[in-house]
Amino acid sequence: MKKELIQCIRIKIAISLNELLVTSKDFSRRNVEVDEIAQSYNQIALNADVRKATVSDTFNAKSIPNTTTLILIIEAMGYSLNDFAKIYDLISDADIKKFKTIKAELK
């Protein structure tokens with residue numbers, strides 16, 4: 001049971017971060033000035049001062065970052081923990097299932 005819960009948390013973190021990243025890119029396409037928002041794993045890693053692999057693993061639900069790293073990643077993207085939490089709280093079991101399906105298809 002604990003293993004399943006940890007996997008769901010990893011996936012919910014990944015979905016939330018990916019939603020924030022999509023929002024950042026959408027702002028960019030609309031020519032909204034968002035210089036402070038990182039729009040790639042590399043930019044996020046540089047802004048957060050963490051390894052790019054850590055960012056990639058977190059966005060792909062391969063690992064759960066510690067709290068400090070998660071906050072650094074969120075803030076490196078130009079968002080607040082509150083922005084992240086709003087998305088995290090709205091993720092449904094169907095969203096988790098869809099994420100798992102997409103990841104399985106990519107393997």
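Reply: Helices here are DSSP runs of at least four residues and strands are runs of at least two, numbered from the N terminus. On that basis the protein chain of this predicted model has 6 helices and 0 strands, in the order α-α-α-α-α-α from the N terminus. Of its 107 residues, 32% count as buried.

The helix to examine is α3, which spans residues 52-59. As a general point, an α-helix has 3.6 residues a turn, so residues three or four places apart point the same way. After α3 comes A61, which has a positive phi, near 60°.

F59 also takes part in an aromatic contact. The structure holds 2 aromatic pairs; in one of them, Y41 and F59 are tilted, with 4.9 Å from centre to centre and 45° between the planes. Y41 belongs to helix α2 (residues 41-48) and F59 to α3, so the pair ties together parts that are 18 residues apart in sequence. As to burial, F59 has a relative accessible area of 1% and is buried, whereas Y41, at 23%, is partly exposed; the cut-off for buried is under 20%.

For the chain as a whole, 64% of the contacts with a separation of 6 or more are between residues 24 or more positions apart. The accessible surface of the protein chain is about 7,000 Å², and carbon and sulfur atoms contribute 52% of it.

Notes:
Residues numbered from 1 in each chain as written. Predicted model: local features only at pLDDT ≥ 70, side-chain atom pairs only at ≥ 80, totals over all residues. Heavy atoms only, no water. Phe/Tyr/Trp six-rings, centres within 6.5 Å; stacked < 30°, edge-to-face > 60°. Buried < 20%, exposed > 50% of the residue type's maximum accessible area, 1.4 Å probe, protein only. Contact = heavy atoms within 4.5 Å. Areas by Shrake-Rupley, 256 points an atom, 1.4 Å probe, with all protein chains shown as cover.
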